[in-house]
Structure formats: structure tokens, C-alpha cells
Amino acid sequence: MADPQVQIGGSQPIDEGDVEMEGGNDGAEVVEVGESVAAGGAGEEEEKPAQRVTFVDYLKSPMVELLIGSGEAQTLLTAHKALLSKSPFFAENFASSGNTRIELVDDDLDAVSCFLEYLYTGEYFPHKLANGLEPDPTAPKVDDNGAQLLKHAKVYTLAEKLSMPALKSLSHSKIHLITSTALAEIAYARYVYQHTTRSDLTIRKPVASFWGQRSHVLRHETEGSFRDMCLEFPEFAFDVLSFVLDAEERRAQRRGDEEVGKSARKRARGQ
């Protein structure tokens, strides 16, 4: 969508007659039709509006090669430099080295493709609709292996790397619009705890909340994957346990339990 064009006040012609200063004094300045007067006097230059960058300007910029992945799966993509520069990651790279080929050997091809689609169009497939995500004919209605969840999770971590907060927010919102199974959720949780930092509560907290509310039921549907996940990522187990204990403490407070914060069971000592 084109940016609105801003016109400087006073540059538009006045439709009718001469304009006189209020009070009708003989010495009042008269502004003729079509004439503009600078606020600081005749000797000052009129401020010029900032030049708007159009989409054509982006397309006129040089092409940059992006080398994605490694080995036989390595793929070469191209994109316009001016659009890539919207990412501080690329902008700093161009400023420091001037390279026209950038290697992203550790990044996912589909995630980079979604990033480029977002740069050119402001969205990436599947688009968000008023009632969810647009249908993907290549994907099942229920994500049973985590592929759909991981698609957006990988866009999220790539957006973090490229310092694109709006893309991070968009991808995270799409994660919560996917219907999935317990096995898919475990695959997603494993990716989140493997590729995000402990301080990233935006994506980790909902994962811990999901399993804190449902682990007593869903763990039986994961074929041992929930146990393996807890052993592989102790931070995940701690976050889930913390959610369960916090929820129980809030329930106890609502009941007016006098033993909140105290041990409810005495244990024999010295045995």
C-alpha cells in the first residue's frame, strides 16, 4: 500500500480573493492569490518534504545472492538489497563488508523463503484470516507430526536472528491458530527449548502453560516422548512444574488455605 503523501501547509493556492490580516489595519500584509510566505521571513528557504521511497525504488536496487543451507541441499536465492536492508542483520552486513553474496548455512530454506515473501508482500503463506489461517491444500487439517507448528517456529527464530520484531509477532500468532496432536506439540516444544534462550518468555511460557494444564492427560499420548523431553531439557520440566505449582498455590489462596507456604507433611528425621 502506498504511503500517504504529505503536503506542506501554505503550498496550496487560496481559492478566493486577497487575504488580509485580522483587524483591517492599513499596514497589514496582504497575501496574493497563489502566494506563500515563509514563517521565518523571505530570506529563509522553504522546507522541502522528505522524498518518499516507492516500491519501484526497492526493485531498482542491486540484487544480492543468499546461499541457504549446506551440502547437496544448499540453495541459492536472490533478493533486492534495499528490501533486505530492512533487516538490521543484513544492513550491518552490507555496511561492514559490502558483500553481494551472504551465506546462511544454518538456516532453514522454507523459513528464509517465508521471510522473503514477507519482505515483498507484508505477509507469508498461509495468511491470517479473520477466523484463522487460510487453508493449505498440502497440509492435513490436524498437525500430527509438528510440521505446521515448526514451520512458524522456524520463521520466529529466523526473525529473531534478523532483528525483525513484526515478523516474530506474526509467526508466533500463527502458531496458536494450528490444531495439533500431543506428538506434534512435543516436537514443537523440543524445537523451542533447543533454539530459543531462557529469557524468551514470549514463546517458552505458552509451551510450559500448555503442558502444565494438559500433561496429566496428554503424556499418555506421546509414547514416552514427554518423559524423554523432560530428561533432555530440564528447563522444560522445571517450567512445567513451576506452572503446576503456581496454579495450585493460587487455588489454595482462593480457598483461604492457612497452610499456604508451609509444609503439609511432616517427615521423620534422623532415620
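Colleague: Which helix is Ser171 found in?

Modeller: Ser171 sits in helix α6, residues 165-175. A helix here is a DSSP run of H or I with at least four residues, and a strand is a run of E with at least two, both numbered from the N terminus. This is a predicted model: local features need pLDDT of at least 70, side-chain atom pairs count only at pLDDT 80 or more, and totals for chains, interfaces and linings use all residues. Residues are numbered from 1 along each chain as its sequence is written, and side-chain values use heavy atoms, with hydrogens and water left out.

Colleague: Is Ser171 buried or exposed?

Modeller: Look at relative accessible area: under 20% is buried, over 50% is exposed, and in between is partly exposed (1.4 Å probe, protein chains only). Ser171 has a value of 0%, so Ser171 is buried. Of the protein's 271 residues, 30% count as buried.

Colleague: What does Ser171 touch?

Modeller: Contact means heavy atoms within 4.5 Å. Leaving out residues up to four places away in sequence, Ser171 touches Tyr124, His152, Val155 and Tyr156.

Colleague: How many helices and strands are there in the protein?

Modeller: The protein has 10 helices and 7 strands. Take contacts between residues at least 6 apart in sequence: 61% of them join residues at least 24 apart.

Colleague: Which residues touch the most other members in the largest nonpolar core?

Modeller: In soluble globular proteins, nonpolar side chains tend to be buried together. A nonpolar core is a set of buried Ala, Val, Leu, Ile, Met, Phe, Trp, Tyr and Cys residues joined through side-chain atoms within 4.5 Å. The largest one here has 25 residues, and Tyr188, Tyr193, Val207, Trp211, Met229 and Phe236 touch the most other members. Two or more residues come from each of α5 (147-161), α7 (182-195), α8 (201-218), α9 (225-232) and α10 (234-255). The biggest share is from α7, with 8 residues. Apart from this core lies another, of 24 residues, among them Ile68, Leu104, Phe115 and Tyr118.

Colleague: What is Tyr193 in contact with?

Modeller: Set aside its neighbours within four places in sequence. Tyr193 then contacts Arg204, Val207, Ala208, Met229, Phe233, Glu235, Phe236 and Asp239.

Colleague: At what angle do α5 and α7 cross?

Modeller: Axes are lines fitted to C-alpha atoms, for helices over the stretch in contact, and angles run from 0 to 180 degrees between N-to-C directions. Under 35 degrees is roughly parallel, over 145 roughly antiparallel, 65 to 115 roughly perpendicular, and the rest oblique. The axes of α5 and α7 cross at roughly 15° and come within 10 Å. These two helices are therefore roughly parallel to each other.

Colleague: How do α7 and α9 pack?

Modeller: Their angle is about 10°, with the axes 10 Å apart. So α7 and α9 are roughly parallel too. Leu183, Ile186, Ala189, Arg190 and Tyr193 in α7 meet Ser225, Phe226, Asp228, Met229 and Glu232 in α9.

Colleague: In what order do the 3 strands of the open sheet stand?

Modeller: Two strands pair if DSSP finds at least two bridges between them. The order is β4-β3-β5, with mixed pairing. β4 (75-80) and β5 (101-104) are the edges: each has a single partner strand, so one side of each lacks a neighbour in the sheet. The average twist is 25° from one strand to the next. β3 (residues 63-68) pairs with β4 in the antiparallel sense, over 6 bridges. For example, Glu65 has Thr78 in β4 as its bridge partner. Helix α3 (residues 88-97) lies across β3 and β5, at about 135° to β5.
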